[in-house]
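Subject: Structure handover

Hello,

I am passing this structure on to you, and I hope you enjoy looking through it.

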Amino acid sequence: MVGTAVTILMAGAVGAVAAMSSGVAAEPESAVIAEHEFQDASYAGHKDGCRKCHLKEHRSWSKTPHANALDRLEGEDANNPECLQCHTTGYGEPGGFTSIDDTPQLAGVTCESCHGPGSAYRDKETMKDHDASVAAGLEMPNETTCRGCHNEQSPNFSGSFDFEAMKEEGVHDIKQ
Ligand code: HEC
Ligand code: HEC
Ligand code: HEC
Ligand code: HEC
């Protein structure tokens, strides 16, 4: 997030300088940058990013196997990109998991694995407005979300996935 803000400021400065030297108004530049910032949504982490406002979901989620999914990878597999893509959050994506030392909050299958990277929707004003949250990248997970990991590419896949049954034990307390 800090990195993104710095990039935007620098891009803005370059745009302003370019605009000054060419005599073109700087206005359109900032519009493009604002859109770019949104598309660059990155991962906030479950503790810093979500917990303070969603204590109930956080507490119940932390008791599911998802919270400790990285611990399942032993030996060299703990650094194997093929395994990390499903046992961590956002691996290989901008701002996603890189290593347990650098991105400890993205170890395992965390909030943003299912709900999308939260940097652009996690502020209170956006969150209170469902449509605005979705526009900023919030996902309301469904069976397709789960099957993104629960599929044949998992070496331990049982061969079938019962969404309703798995939702009971694998997500967090869900309001009805
Ligand atoms: C500043 C407080 C705050 C933070 C931080 C926050 N949320 Fe929210 N969130 C809210 C509020 C307020 C609502 C709307 C009321 C509700 O459903 O609890 C909401 C609603 C939601 C909903 C339901 C949306 C809907 O329209 O049904 C989801 C899913 C969600 N948040 C996920 C997250 C995730 C994931 C994170 C972390 C990346 C996060 N929130 C961070 C305050 C926050
Ligand atoms: C394995 C996927 C998964 C993970 C991980 C996950 N959620 Fe959810 N979340 C769901 C599903 C599924 C729903 C229900 C969606 C619906 O009703 O359409 C949901 C609903 C919600 C809601 C809406 C209110 C409610 O309770 O129904 C909030 C808020 C929320 N999640 C926050 C979080 C937070 C915070 C975390 C991390 C601590 C998290 N979620 C982790 C799948 C997930
Ligand atoms: C980012 C990948 C990913 C997504 C998305 C995901 N899961 Fe999982 N899930 C895993 C991994 C990895 C494990 C194994 C964790 C462990 O054994 O420690 C797991 C384990 C589970 C378990 C424990 C039982 C078992 O088979 O080991 C349940 C239940 C579950 N997931 C349900 C869901 C549901 C429901 C959704 C969608 C709402 C979902 N998962 C989405 C990766 C994912
Ligand atoms: C396509 C996503 C995906 C990939 C890739 C993946 N896993 Fe998993 N892993 C899962 C899911 C989902 C589960 C939960 C069991 C299930 O339903 O498949 C799981 C469960 C596990 C478990 C617990 C098994 C059990 O019976 O409790 C281990 C161990 C594991 N994975 C190791 C690995 C290793 C090692 C790799 C890399 C070689 C890997 N996984 C790659 C998704 C994946």
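This is a predicted model: local features need pLDDT of at least 70, side-chain atom pairs count only at pLDDT 80 or more; totals for chains, interfaces and linings use all residues.

Leu73 counts as partly exposed because 16 other C-beta atoms lie within 10 Å of its own. The cut-offs are these: with C-beta atoms placed from the backbone, a residue is buried if 20 or more other C-beta atoms lie within 10 Å of its own, exposed if 12 or fewer, and partly exposed in between. You will find Leu73 in the loop between helix H4 (55-61) and H5. Helices here are DSSP runs of H or I with at least four residues, strands are runs of E with at least two, and both are numbered from the N terminus. Leaving out residues up to four places away in sequence, Leu73 touches Ala78, Cys83 and His87; contact means that the C-beta atoms of two residues, placed from the backbone, lie within 7 Å.

Residues are numbered from 1 along each chain as its sequence is written, and chains are lettered from A and ligands numbered from 1 in the order in which they are written. The average pLDDT (the predictor's confidence in each residue, from 0 to 100) is 82 for the chain, and 77% of the residues score at least 70. Residues 1-38 have a pLDDT below 50, and this stretch makes 19 contacts in the model beyond near neighbours in sequence.

Now the overall picture. The chain has 10 helices and 0 strands, and 22% of its 176 residues count as buried.

Which residues make up the largest nonpolar core? There are 7 of them: Tyr43, Ala44, Cys83, Leu84, Phe97, Leu106 and Ala107. Such a core is a set of buried Ala, Val, Leu, Ile, Met, Phe, Trp, Tyr and Cys residues joined through C-beta atoms within 7 Å. Apart from this core lies another of 5 residues, including Ala120 and Leu138.

Arg122 sits in the loop between H6 and H7. Arg122 is buried, since it has 23 C-beta neighbours inside 10 Å. Beyond its neighbours within four places in sequence, Arg122 contacts Ala44, Gly49, Cys50 and Met127.

On to the ligands. A residue counts as near one if its C-beta atom, placed from the backbone, lies within 6 Å of it.

- Ligand 1 has 16 residues around it, and Cys50, Cys53, Gly118, Met127 and His130 come nearest. H6 provides the largest share of this shell, 3 residues.
- Ligand 3 is surrounded by 21 residues, the closest being Pro65, Cys146, Cys149, Met166 and Gly170. H10 gives the most to this shell, with 4 residues.
- Ligand 4 has 18 residues around it, with Asp77, Cys83, Cys86, Gln153 and Ser154 the closest. By class, this shell has 6 nonpolar, 9 polar and 3 charged residues; Ala, Val, Leu, Ile, Met, Phe, Trp, Tyr, Cys and Pro count as nonpolar, Asp, Glu, Lys and Arg as charged, and the others, Gly among them, as polar.

Best wishes
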